[in-house]
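Dear colleague,

I am passing on the structure we spoke about, and my notes on its aromatic contacts and nonpolar cores follow it. Please read them with the model open beside you.

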Amino acid sequence: MYCGADGTAALNRTFEELYGIRAAFEKIKVGQSMDSAHIQAVIEHFSLPQSDVLRIKEVYARLLTEIVDADPDKRIMAGVEVLLHEIEKAPGAVNALLTSNFRVGAEIKLRSVGLDSFFSLGGFGDEEGEKWDAAERGIALAEKRYGTKFDRSKIFLVGDGVYDISTAKHLGIRSVAVGTGWTSREELKARKPEFYFDNLADTKAVLDVLLHQ
């Protein structure tokens, strides 16, 4: 889905409400990392109490809900809902979510456009580590739930950033880059994903990759 910079706006408002720090994330450089690392960077930069993490997440969830609900531009990207339905129906296939967001943040965003019911499994940005660590946890959870060991050549990571491509390569799973995010087509293709789409509107072509490769 697309919701612009709503997540960053909610985080900035969280630190302003709790500590009077304006535009906290303009004062630090976080780069590609998980929400847990973003929060930790702000805590360290401003010498805030480590014990406040839970309170920070609670306020963030409240503010993100307000911001996303009021965002007139939020939307489901072309093709996504059809793809989720088709994958859900396909024998032996399952939808899972991998995101740098806190779990509560991801759920709020998805719920705002009615996509939350598609994802009961995933990896999230709540714990320390990189995106591939979150993915490993998600894969382990799925393997436990379904009582099987997944063939990594049958796991596809669909994402719009270079972090997604590097995560897929790190894990030995298959990368499908999509040019609908902040990263340019040229930069994504330079990272050599296994597959590339400008968008997911051609659902037949995307499903041919995800279900028949």
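Which lysine lies over the face of phenylalanine 102? In this model, which is a predicted one, that residue is lysine 57, placed at 4.7 Å from the ring centre.

Turning to the rings themselves, the count comes to six aromatic pairs. One of them is formed by tyrosine 60 and phenylalanine 102, edge-to-face, with 6.0 Å from centre to centre and 70° between the planes. This pair links distant parts of the chain, since tyrosine 60 belongs to helix H3 (residues 53-69) while phenylalanine 102 sits in the loop between strand S1 (97-98) and helix H5 (103-112), 42 residues apart. Both tyrosine 60 and phenylalanine 102 are buried. Elsewhere, Phe15, Tyr19 and Phe25 are linked into a cluster by ring pairs.

As for the nonpolar cores, the largest has 23 residues, of which Leu115, Val176, Val209 and Leu210 touch the most other members. Two or more residues of this core come from each of helix H4 (80-89), H5, strand S4 (174-178), strand S5 (195-197) and helix H9 (203-212). Leaving aside residues up to four places away in sequence, valine 176 touches Phe156, Leu157, Val158, Gly159, Phe195, Phe197, Val209 and Leu210.

With best wishes

Note on methods. Residues numbered from 1 in each chain as written. Predicted model: local features only at pLDDT ≥ 70, side-chain atom pairs only at ≥ 80, totals over all residues. Heavy atoms only, no water. Phe/Tyr/Trp six-rings, centres within 6.5 Å; stacked < 30°, edge-to-face > 60°. Helix = DSSP H or I, 4+ residues; strand = E, 2+ residues; numbered from the N terminus. Buried < 20%, exposed > 50% of the residue type's maximum accessible area, 1.4 Å probe, protein only. Lys NZ or Arg CZ within 6 Å of the ring centre and 35° of its normal. Core = buried A, V, L, I, M, F, W, Y, C linked by side-chain atoms within 4.5 Å. Contact = heavy atoms within 4.5 Å.
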